[in-house]
Each structure stands twice: as C-alpha cells, then as structure tokens.
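The sequence and the structure are shown first.

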Amino acid sequence: MNSGSPILFILPIRSPASHALESYTALPYNKRSPCPSNPVNRPAYQGSNPISDVWAIHALKIVAKYLKRAIRDPEDREARANMHLASAFAGIGFGNAGVHLCHGMSYPISGLVKKYKAKDYHVDHSLVPHGLSVVLTSPAVFTFTAPMCPERHLEAAQIMGADVSTARMKDAGLILADTLRKFLFDLNVDNGLAALGYSKADIPSLVKGTLPQERVTKLSPRHQTEEELSALFEASMKLY
C-alpha cells in the first residue's frame, strides 16, 4: 500500500480501504455544527451520509476480495482492474463525505521523514508514501473512534473478513484494529512508525503537525485532545 494507497500498499493504484473506512466512520453529515446559514458556505466535506455510505461499503467489499491478490501477483489483471474500480468507488464516497484522523495524522508522518525510503521506490531522497503514512495509524485510530459508532466499525471488520458472530459492540474497535493488523502483516507492511525512523521523542512534533489539519480532523466522529493524539501516535509506533 505504499503507492499513495490508503490501506495497504505497493500497488501502482490508490487502494481505497482507508478512504472507504474513514468516510464510512466520519462524523455524520447531520451532526456537524454549526450549520452554515447559506448552502454556498458548506465545507467541501460533509461527513458520512447515505450516498457516500453506498460507495464506501462497495469499495470495502472489493478490497476484501481483491487487494491481497493484486499485490501478490502483479499479473493478476482481474484483481488489479477491480482495485482500480474500488479506488474510483471510494473516491466518489470520500470526495463528498471526507476522511478523518488517519489522514490528518498522515501529513506530519510524511512531512517529518528523516532517512526512511520506502521499499520498491527508487528515489534519491527520504520518502514516506501517502498510503503508508495513512495506514500505519489505522489500528489505533479506529480503536479510538469506535465508541462513537461501533456498529459501523464492526460492519467494516466483518466485510474485511472478521468473524463477528459473537462479537460485542464494545469490542468493535479492537476487532477492526486486529483485522487491519492482519491485513498489514500479511502484506509485509512496515511494523509501525518506529520502522520509519520515528520514536517517542518525535511525538510532540507529530502532534504539532496534526493540529492544523482541521479540514479532516474535525470529521472524526470523536473529538481528540493533544494528549489523545499523542497516545494515538505512541500506539502506532509498533503494530505487531
């Protein structure tokens, strides 16, 4: 999922899972406040809504079926074609609903890179691809946001392969996080921010870089303090 792929990886296409997951779990459109007095003043992103939900769920179903195939076999044209299609579907969804914390936290992860160079990227400078910077915080983020809409987090986990037949709503975040970790591990994704060269000493700078990203962070279904952002970055240092 490196290549600009928000979940999961080295596809030369944008993988849609993080886009779909974030838009589906974003603050609902009818809970945003204050409402603008004139529709002209509406923000670009509206929050989760019934139309975007359709695209997000369909994209997730395609990801669950084809992502691993597309990465493991570059000649699997059926899988790669479907991943391109899923990318478009997720784009239609999040282009209206928006994304939230994974993306808001991703910008300083990419921007403060030290010496890391993503595998399979032949560049002469340090680089954390967008998709990788997004996905590494996803287990922590969705554990954090799940209490606000546990049914959506649990549904997403089920679509991505988790057995939720005996699951409790209060465990939705942990179940989705474990499902994401398994995907990441199976696809040999770097083991957290520490693998990119970050340490606990970098957390204040990472938080500082996240705070201005209100265009997306305000779409999180759960408000976050600086202390909570610090905890999310710390939890993302190692994934496995």
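**Salt bridges**

A salt bridge is a side-chain nitrogen of Lys or Arg within 4 Å of a carboxyl oxygen of Asp or Glu. D171 and R168 form one, with 2.9 Å between the closest N and O atoms. D171 is buried at a relative accessible area of 18%, and R168 is partly exposed at 47%; buried means under 20% relative accessible area, exposed over 50%, and partly exposed in between (1.4 Å probe, protein chains only).

K119 forms a salt bridge with D190, the closest N and O atoms lying 3.7 Å apart. K119 lies in the loop between helix 4 (101–111) and helix 5 (130–135), and D190 in the loop between helix 8 (172–186) and helix 9 (203–210), so the pair ties together parts 71 residues apart in sequence. In the whole structure, 12 salt bridges are found.

**Basis of the model**

The model is predicted: local features need pLDDT of at least 70, side-chain atom pairs count only at pLDDT 80 or more, and totals for chains, interfaces and linings use all residues. Residues are numbered from 1 along each chain as its sequence is written, and side-chain values use heavy atoms, with hydrogens and water left out.

**Overall fold**

The protein chain contains 11 helices and 0 strands; helices (H or I, at least four residues) and strands (E, at least two) are DSSP runs, numbered from the N terminus. Buried residues account for 53% of its 240 residues. Along the principal axes, the C-alpha trace spans about 50 × 40 × 40 Å.
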